[in-house]
Amino acid sequence: MTSSVNSYSADTLHMYSYFRSSCSGRLRIATALKGLPVKYTYVNLLSSAQKSPSYVQDTNPSGSVPTLELISPDQIVKVRICQSTAALEFLDEAYPESAQLLPADPESRATVRTLVQIINSDVQPVTNLRIMKRVKCLGGDPETWNHELITDGLKAYESICKKVAGKYSVGDSVTIADCCLVPAVWGAQRVKVDFSAMPTLWAVFERLSELEEVKNSHWKNQADTPKELRN
């Protein structure tokens, strides 16, 4: 691990981000908790900037955010990661000297990764902006679609979390599961999900929300957040 620290310490973290992207929110929280400075390029999803030929061809073939880059002092992109969960694990492995967001024991790591995938696979992909547009084109109600799928996913999170939670989702240390949970709850609040059947999840979220790193990472507090949506 020492070689990783030495090889990355002089590099710059750069992220393509959008203020309301829950996946971008995950990385904002993680880098804040680890105390890692980040330079941002903002990609406006509403104007379809993520679909521009230059962005898709040169930066992220999925046409999405976030994209995390590690840039050397001579401005060479050493690493480019186009998926948020891969970026989360990279940050923990590349910067082991800062707060660790994965537990040391394999059983807890597996539980954390399970919770991450509930958010990453069962909630976020089926409720993002791209899917909402398609649901609407097919004559469906995007708000109802979002509400039902987010509720189902978060209830699944609750069923696991209530067995392993301490102060946070898994034990008493913040993990990448918490980094994924917080933006998912922000999105759930927007569609008025009822959290009464998720007391453990909600208690964890409230404790996380008290952390300055989480407060500063909220979508209302970003440089690209429109003035009318800021706190």
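A salt bridge is a side-chain nitrogen of Lys or Arg within 4 Å of a carboxyl oxygen of Asp or Glu. With that in mind, welcome to this predicted model. Side chains of opposite charge can pair when their charged atoms come close.

Let us start with E69 and R80, whose side chains form a salt bridge with an N to O distance of 2.8 Å. E69 sits in strand β3, which covers residues 67-71, and R80 sits in strand β4, so this pair ties together parts that are 11 residues apart in sequence. How buried or exposed are the two partners? E69 has a relative accessible area of 3%, so E69 is buried. R80 is partly exposed because its relative accessibility is 37%, and buried means under 20%.

Staying with strand β4, look next for K78. The side chain of K78 meets that of D11 in a salt bridge, again described from N to O, at 2.8 Å. Which parts of the chain does this pair link? K78 belongs to strand β4 (residues 77-81), while D11 lies in the loop between α1 (2-8) and β1 (12-17); the two are 67 residues apart, and the pair links distant parts of the chain. K78 is partly exposed, with a relative accessible area of 40%. D11, by contrast, counts as buried at 12% relative accessibility.

Now turn to D92 and K34, whose side chains meet in a salt bridge of 3.2 Å, N to O. This pair also links distant parts of the chain: D92 is in helix α4 (residues 84-94), K34 is in the loop between α2 (22-33) and β2 (38-42), and 58 residues separate them. Here D92 is buried, with a relative accessible area of 3%, and K34 is buried too, at 5%.

Our last stop is helix α9, made of residues 199-209, where L201, V204, F205 and L208 are buried. Where do these residues lie around the helix? They cover an arc of only 100° around the axis, so they are on the same side of α9. What do they pack against? The buried residues of α9 pack against α7 (142-164), α8 (176-190) and α10 (212-217).

Looking back, we have followed the pairing of E69 with R80, of K78 with D11 and of D92 with K34, and then the buried residues of α9 with the helices they pack against.

Definitions and conventions
Residues are numbered from 1 along each chain as its sequence is written. This is a predicted model: local features need pLDDT of at least 70, side-chain atom pairs count only at pLDDT 80 or more; totals for chains, interfaces and linings use all residues. Side-chain values use heavy atoms; hydrogens and water are left out. Helices (H or I, at least four residues) and strands (E, at least two) are DSSP runs, numbered from the N terminus. Buried means under 20% relative accessible area, exposed over 50%, partly exposed in between (1.4 Å probe, protein chains only). The arc is that of the directions from the helix axis to the C-beta atoms. Contact means heavy atoms within 4.5 Å.
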